[in-house]
Amino acid sequence: MVAFIALAALIVAILANRNASRSADASEDSAREAKRSADAAERQAAAAEAALAPPPPAVAWKAELRSTARRGKGATFVLRNVGTSTAAGVRVVVPPAYEALIRSELESGEVPAHGSFQVVVIGIDQLPDLHELLVAWDGRDDPVHVPLPAW
């Protein structure tokens with residue numbers, strides 16, 4: 001009878017060992033799948049972040065042609081702040097040789113988001129290479145090149 005109990009205990013131990021081994025294998029498989037799932041989620045989050053549009057700039061400029069005077073004698077441009085914040089200390093940077101020909105009509109030096117001001121070019125026929133204006137404002141070290149539309 002003792003031999004029978006010992007044999008039964010041995011069988012139970014072997015079966016328990018087999019089940020423990022299967023359980024350990026299943027745990028390893030589960031851990032591998034969880035890691036794969038986490039890696040996939042990270043890749044998906046990175047792809048979603050990369051697909052987001054960059055935030056709009058705080059200050060950005062766009063030039064529009066408002067009007068032209070008699071055949072090459074002058075042009076008026078509107079410089080619009082297409083950014084999301086007010087630009088303070090705004091100034092058009094004009095080379096000294098052209099100061100008499102380009103006049104900014106900015107009164108306060110501040111241009112709110114989506115606000116604008118005019119720049120008048122008096123002798124546009126004397127400036128055939130004028131294709132952009134330089135605009136500076138507080139908080140910006142270097143002036144920004146703002147392309148001008150064709151006149």
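**Sheet, core and charges**

Me: Which residue in strand 5 stands opposite Arg80?

Reply: Ser116 is opposite Arg80. Strands here are DSSP runs of E, at least two residues, numbered from the N terminus. This is a predicted model, where local features need pLDDT of at least 70, side-chain atom pairs count only at pLDDT 80 or more, and totals for chains, interfaces and linings use all residues. Residues are numbered from 1 along each chain as its sequence is written, and side-chain values use heavy atoms, with hydrogens and water left out.

Me: How many bridges join strand 2 to strand 5?

Reply: 6, linking residues 75-81 with residues 116-121 in antiparallel fashion. DSSP has to find at least two bridges for strands to pair.

Me: And what order do the strands of the open sheet take?

Reply: 1-2-5-4, with antiparallel pairing. Strand 1 (61-68) and strand 4 (102-105) are at the edges with a single partner strand each, so one side of each lacks a neighbour in the sheet.

Me: New topic: which residues have the most contacts inside the largest nonpolar core?

Reply: Trp61, Leu79, Val90, Ile102 and Phe117, in a core of 24 residues. Such a core joins buried Ala, Val, Leu, Ile, Met, Phe, Trp, Tyr and Cys residues through side-chain atoms within 4.5 Å; buried means under 20% relative accessible area, exposed over 50%, partly exposed in between (1.4 Å probe, protein chains only).

Me: How many salt bridges?

Reply: 5, counting a side-chain nitrogen of Lys or Arg within 4 Å of a carboxyl oxygen of Asp or Glu. One of them pairs Arg103 with Glu105 at 3.1 Å, N to O. Arg103 is partly exposed at 40%, and Glu105 is partly exposed at 33%.

Notes
Helix = DSSP H or I, 4+ residues; strand = E, 2+ residues; numbered from the N terminus.
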